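Please look over the sequence and the model below.

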Amino acid sequence: MDIKTYLKEKKELVDAFLKEYFSSLSSPKILGEAITYSLSAGGKRIRPILCIAAHEACNGNSEDIIKFASSIELIHTYSLIHDDLPAMDNDDLRRGKPTNHKVFGEGMAILAGDGLLTEAFYMMANSLSNKSIKNTALIRAIKEISFVSGIHGMVGGQAQDLLSEKSEPDAETLSFIHKHKTGALISGSLRAGAILANCTKHELGSITRYGENIGLAFQIVDDILDVEGDTDELGKTTGSDIRKNKMTYPAIYGLEESGRKAEELISEAIFAIKDFSNKAEPLRGIAGYFLKRRS
Ligand code: GRG
């Protein structure tokens, strides 16, 4: 299986779903424009794809969860819009385009983020499209995504990140930030996909270990790309972590050791799903892709 083709096909499914879903957004018009501006700016759709791939690995059918998986992209996009605000990272460029607040103003950017976050849960709650998904599984999956997105996950990690800009780098805080700010939503997306396929306890444990490892690896690679990457390829301004005195892997361990750590985590992720059939090939491929990505 060619992982690039898999990623492209699944991204197209998510893109098409989101385009249709937001084609008739209610008033005021500008709010819809601010939302679709960021949502259609060319994100990789990694979190929805991971949700779908975990669902398939646990013998689920991807078509059953396109709506649920796509809703996770709304949460991710909200987090990027708010992360770029002057009160947070104050960035001008995202996904190769001016950031949301640069185009629509801070107030509308905040509301676009709020709207995306809320709509995500409305979408999830309305995502029972097939009898194979049970109500109890859907509630568990929604519980999972709300846990990893909020104070116990992404928002908690972001808060620590904000606090740490003024402190000396330390490994424990860095690990907390990365695992919560980035790893939690990645791992939660995978777990939700598995839960919606009525996975076994053993499968959920393996998917969780896979998710925790690739989640951390994803952010380490992100840190490395901020130093070594190309602004055009990345679609965001590089070097911003150093300028903002961010706690990152390269800042604490250096580039070489950070690369080694990411490789180690990816191997552990692949090992964690060793008992799965070839239906987990996309998960294995995505782990490898995480290491090589340039954007
Ligand atoms: C609650 C006000 C308020 C703000 C919350 C939680 C939060 C804002 C921000 C944290 C989220 C964040 C920016 C995490 C970094 C994760 C990361 C590596 C983002 C880039 O993800 P990709 O590469 O991006 O998947 P694309 O553009 O492909 O979607």
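Two residues are in contact here when they have heavy atoms within 4.5 Å of each other. The model is predicted: local features need pLDDT of at least 70, side-chain atom pairs count only at pLDDT 80 or more, and totals for chains, interfaces and linings use all residues. Residues are numbered from 1 along each chain as its sequence is written, and side-chain values use heavy atoms, with hydrogens and water left out.

The chain has 15 helices and two strands. These are DSSP runs numbered from the N terminus, with helices (H or I) of at least four residues and strands (E) of at least two. The C-alpha trace spans about 50 × 50 × 35 Å along its principal axes. The radius of gyration, taken over C-alpha atoms, is compared with a globule rule of 2.2 Å times the number of residues to the power 0.38. For 295 residues a compact globule would have a value near 19 Å, and the chain, at 18 Å, agrees with this.

Of the 295 residues, 53% are buried. Buried means under 20% relative accessible area, exposed means over 50%, and partly exposed lies in between (1.4 Å probe, protein chains only). Among contacts between residues at least 6 apart in sequence, 74% join residues at least 24 apart.

The spaces come next. On a 1 Å grid over the protein atoms alone, a cavity is a set of points where a 1.4 Å probe fits but cannot get out, while a pocket is an open set with protein on both sides within 12 Å along at least five of seven lines; lining residues have an atom within 4 Å of a point. Grid points are joined across faces, edges and corners, and a volume is the space filled by probe spheres set on the points.

The largest pocket has a volume of about 980 Å³. Its lining consists of 47 residues, and those nearest its centre are His76, Leu80, Asp83, Arg94 and Lys236. Two or more lining residues come from each of the helices H3 (46–57), H4 (66–83), H8 (154–164), H9 (171–196), H10 (201–228), H11 (231–234) and H12 (240–243). The largest share, seven residues, comes from H4. By class the lining has 13 nonpolar, 15 polar and 19 charged residues. Ala, Val, Leu, Ile, Met, Phe, Trp, Tyr, Cys and Pro count as nonpolar, Asp, Glu, Lys and Arg as charged, and the others, Gly among them, as polar.

The second largest pocket holds about 250 Å³ of space. It is lined by 14 residues, with Val148, Lys179, Ala184, Ser187 and Glu212 nearest its centre. Helix H7 (135–149), H9 and H10 each give two or more residues to this lining, and H9 gives the most, with seven. Three of the lining residues are nonpolar, seven polar and four charged.

Aspartate 91 is found in the loop between H4 and strand S1 (93–94), and counts as buried because its relative accessibility is 12%. Leaving aside neighbours within four places in sequence, aspartate 91 is in contact with Asp84, Thr99, His101, Ser240 and Lys244.

Glutamine 219 lies in helix H10. With a relative accessible area of 7%, glutamine 219 is buried. Residues up to four places away in sequence not counted, glutamine 219 touches His178, Lys181 and Thr182.

Apart from neighbours within four places in sequence, phenylalanine 147 is in contact with His152 and Gly153. Phenylalanine 147 and leucine 174 are 27 residues apart in sequence and 20 Å apart in space, C-alpha to C-alpha.
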